[in-house]
Amino acid sequence: MILKTLTLITLASVFILMFIGGYVSASGVGLTCPRWPLCPAGFVPMQEFIIEYFHRSVAATTALLVFITTGFVIRSRISPRGMKIASIIASCAALGQISLGAIVIIERLHAVLVTIHLALGLVLFAMILIAVAYSFKLADKKPTTSDSSSLRTPTTSS
Ligand code: HEM
């Protein structure tokens, strides 16, 4: 249940982040915040770079959610191998996106880099979607006889 909720929240966060990223790109405000990792006013949001500031803040929150999800999936004994691999790839993609975000700004929105940034975002989304699918499968799974046997009350032998 925790895995299902966590993966769904993370997926929603990645989706919203990609939506904001698309808006940053389409409205041409990608360089309004020319420094990295913080904008010129530090943690203070200012109107001249509010959209880019929003993209970075949501990116930081999303990356944290991805890492927490990966931690949960790896530590969980019931999560299948495929789910673990997908969440590890998602964490690598999140790390890659943050580094690439910096390079995109340093290289002043080089077209190839922005395209890779979009592609890696898609990889991240796909991996979390796989984790969500696995978590639904796990939640639907009925306990097997061996699982339920531990729940039975012990019988007294006469
Ligand atoms: C998990 C993290 C991130 C995801 C999933 C993500 C996703 C995206 C997406 C989907 C776009 C739109 C690309 C396009 O339409 O071609 C975008 C644009 C952009 N992102 Fe990110 N992003 C992330 C983190 C960051 C970070 C940390 C930074 C900078 C510090 C950053 C800087 C930018 C910039 C500057 C653009 C606009 C590029 C342009 O104007 O064409 N991103 N992002």
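Analyst: The residues of the shell around the ligand divide into 16 nonpolar, ten polar and one charged, where Ala, Val, Leu, Ile, Met, Phe, Trp, Tyr, Cys and Pro count as nonpolar, Asp, Glu, Lys and Arg as charged, and the others, Gly among them, as polar. This is a predicted model, in which local features need pLDDT of at least 70 and side-chain atom pairs count only at pLDDT 80 or more, while totals for chains, interfaces and linings use all residues. Residues are numbered from 1 along each chain as its sequence is written.

In total, 27 residues surround the ligand, and the closest are Gly 21, Ser 25, Gly 30, Gln 97 and Gly 101; a residue is near a molecule if its C-beta atom, placed from the backbone, lies within 6 Å of it. At least two residues of this shell come from each of α1 (2-26), α2 (50-75), α3 and α4, helices being DSSP runs (H or I, at least four residues) numbered from the N terminus.

Of these helices, α3 (residues 81-106) and α4 (residues 111-140) have axes that come within 8 Å and cross at roughly 155°, with axes taken as lines fitted to C-alpha atoms over the stretch in contact and angles running from 0 to 180 degrees between N-to-C directions. The two helices are therefore roughly antiparallel to each other, a term for angles over 145 degrees. The residues of the contact of α3 with α4 divide into 20 nonpolar, seven polar and no charged.

Note on methods:
Parallel < 35°, antiparallel > 145°, perpendicular 65-115°, else oblique.
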